[in-house]
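Trainee: Hi, I have a new model open on my screen. Could you walk me through it?
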Amino acid sequence: MPKSSQHPTLSSVPPEPPPHPPVVMIEGVELHLAHPDRFTLHWVGQEELVKQLTAAWLVVDEDDQPLNPRVVGAPGVGKTTLAYATATRLGMETYLFQATMDTRPEDLLITPVIAENQRIKYVASPLVTAMIRGGVCVLDEGNRMGEKCWASLAPLLDARRYVESVIAGVKIKAHPAFRFCTTMNEDASTFDIPEYIQSRLQPQIFVDFPGEGEERRILKDNLPFADEALLGYMVEFLQRAHQTGEPYSVRDGINVVRYAVKLMKQDGLTVVEAWRMALGMILGRKGVEEAGGASL
Ligand SMILES: Nc1ncnc2c1ncn2[C@@H]1O[C@H](COP(=O)(O)OP(=O)(O)OP(=O)(O)O)[C@@H](O)[C@H]1O
Ligand SMILES: [Mg+2]
């Protein structure tokens, strides 16, 4: 952590990634590092969630160690945005690793690739790069990858803070500033995480649907060019959906409004026409039926 590894300060400006050497030597092995991710993702509202995450990452004493939180919640509710935006607000290099059911343990750690003259080049994953550089790794949708992958991270997620790459034959110790979190989705295409791993992925930070004012600010922040009336319809629709347990999320709202804005611009539709059409094409007939009760 560049400012202070113990008490990071929050800033709203994402950091410039410092230039860093693309290659490091670890135990005599040359490792090619990944680049940090740079997105303009802002977190709006629910500041207590940011605080829950920064508290988990805080180190209060030299005998203390950071926790490895798990960000959970419904699809599209803002889990990845929360993790990424909090890490960049702390001024840290941030590395996203998208887990999938095809992720192999070596993808998480070090992959060998054939370089010039048939030489093997070892490429560090975003996770291992974050460990070496002292950045944050957000392992996104962590429960899409299987148990073997998690097993390879077990020593990283406890007091040992290292990983072992069998392929490169090296043990990599995490930089003291390294921080980790994972996001997890609750849908059918996920694995159950074994208990010994779950116990290392604590605390759980639950991202709930935002309240009305916050939802409006989130939509406005993502779509500052959208018509106010359009935003109003969308917020009303989403709030009703949250209350009745329908799974529509902020992401759905952003998609609908974004498309409606395009329809208005291209085809000269009115706000109501564009909103209804976008709703139908993005959320389907059910979405339109549910909007029946909205103030249109
Ligand atoms: N509090 C928020 N502040 C700013 N943007 C938000 C917020 N919540 C959601 N969003 C926006 O909603 C969209 C979905 O967010 P995100 O991808 O983080 O959700 P997720 O929970 O990770 O989704 P998934 O379950 O599909 O992984 C993004 O465009 C994001 O910018
Ligand atoms: Mg996500």
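Mentor: Happy to! One definition before we start: a residue is buried if 20 or more other C-beta atoms lie within 10 Å of its own. Keep in mind too that this is a predicted model.

Trainee: Got it. So which residues of α2 are buried?
Mentor: In α2, the buried residues are Lys-79, Thr-80, Thr-81, Leu-82, Ala-83, Tyr-84, Ala-85, Thr-86, Ala-87, Thr-88 and Arg-89. That is eleven of the eleven residues, so α2 is largely enclosed by the rest of the structure.

Trainee: What covers the buried residues of α2?
Mentor: The cover includes one helix, α1 (47-57). It also includes the strands β3 (70-73), β4 (94-98), β7 (136-140), β10 (179-184) and β11 (204-207). Just after α2 you'll find Gly-91, with a positive phi of about 80°.

Trainee: Changing topic: which residues come nearest to ligand 1?
Mentor: There are 23 residues around ligand 1, and Val-44, Gly-78, Lys-79, Thr-80 and Thr-81 come nearest.

Trainee: Nice. Which helices supply at least two residues of that shell?
Mentor: α2 (79-89), α7 (212-222) and α9 (250-267) each do that. By class, the shell around ligand 1 has eight nonpolar, eleven polar and four charged residues.

Trainee: And what does each domain give to the shell?
Mentor: Domain 1 (23-207) and domain 2 (212-291) each contribute at least three residues to the shell around ligand 1.

Trainee: How far apart are the C-alpha centres of those domains?
Mentor: The centres of domain 1 and domain 2 lie 33 Å apart. As for contacts, nine residues of domain 1 touch nine residues of domain 2. On the domain 1 side of that contact there are four nonpolar, five polar and no charged residues.

Trainee: Let's look at α8. Which of its residues are buried?
Mentor: Leu-230, Tyr-233, Met-234, Val-235, Phe-237, Leu-238, Ala-241 and His-242 are buried in α8. Their cover includes α7, α9 and α10 (271-291).

Trainee: What span should α8 have, going by its number of residues?
Mentor: At 1.5 Å a residue, the 17 residues of α8 (residues 228-244) should span 24 Å, and the end C-alpha atoms are 24 Å apart, so the two agree. After α8 comes Gly-245, which has a positive phi near 80°.

Trainee: OK, now the strands. In what sense do β1 and β2 pair?
Mentor: β1 (residues 23-26) and β2 (residues 29-32) pair in the antiparallel sense, over four bridges. Ile-26 stands opposite Val-29 in β2. The two strands form a hairpin with two residues between them, and Glu-27 in the turn has a positive phi of about 45°.

Trainee: I clicked on Val-24 in β1. Why does Val-24 count as partly exposed?
Mentor: Val-24 has 16 C-beta neighbours inside 10 Å, so it counts as partly exposed. Leaving aside neighbours within four places in sequence, Val-24 is in contact with Leu-31, Leu-33 and Ile-132. Ala-124 is 100 residues away from Val-24 along the chain, yet their C-alpha atoms are separated by 9.8 Å.

Trainee: Last one: how many helices and strands are there in the protein chain?
Mentor: The protein chain has ten helices and eleven strands. Of its 296 residues, 40% are buried. Among contacts between residues at least 6 apart in sequence, 73% join residues at least 24 apart.

Notes. Residues are numbered from 1 along each chain as its sequence is written. Chains are lettered from A and ligands numbered from 1 in the order in which they are written. This is a predicted model: local features need pLDDT of at least 70, side-chain atom pairs count only at pLDDT 80 or more; totals for chains, interfaces and linings use all residues. A residue is near a molecule or strand if its C-beta atom, placed from the backbone, lies within 6 Å of it. Ala, Val, Leu, Ile, Met, Phe, Trp, Tyr, Cys and Pro count as nonpolar, Asp, Glu, Lys and Arg as charged, and the others, Gly among them, as polar. Domain bounds come from an automatic or database domain assignment. The expected span of a helix is 1.5 Å times one less than its number of residues. A residue is buried if 20 or more other C-beta atoms lie within 10 Å of its own, exposed if 12 or fewer, and partly exposed in between; C-beta atoms are placed from the backbone. Two residues are in contact if their C-beta atoms, placed from the backbone, lie within 7 Å. Two strands pair if DSSP finds at least two bridges between them.
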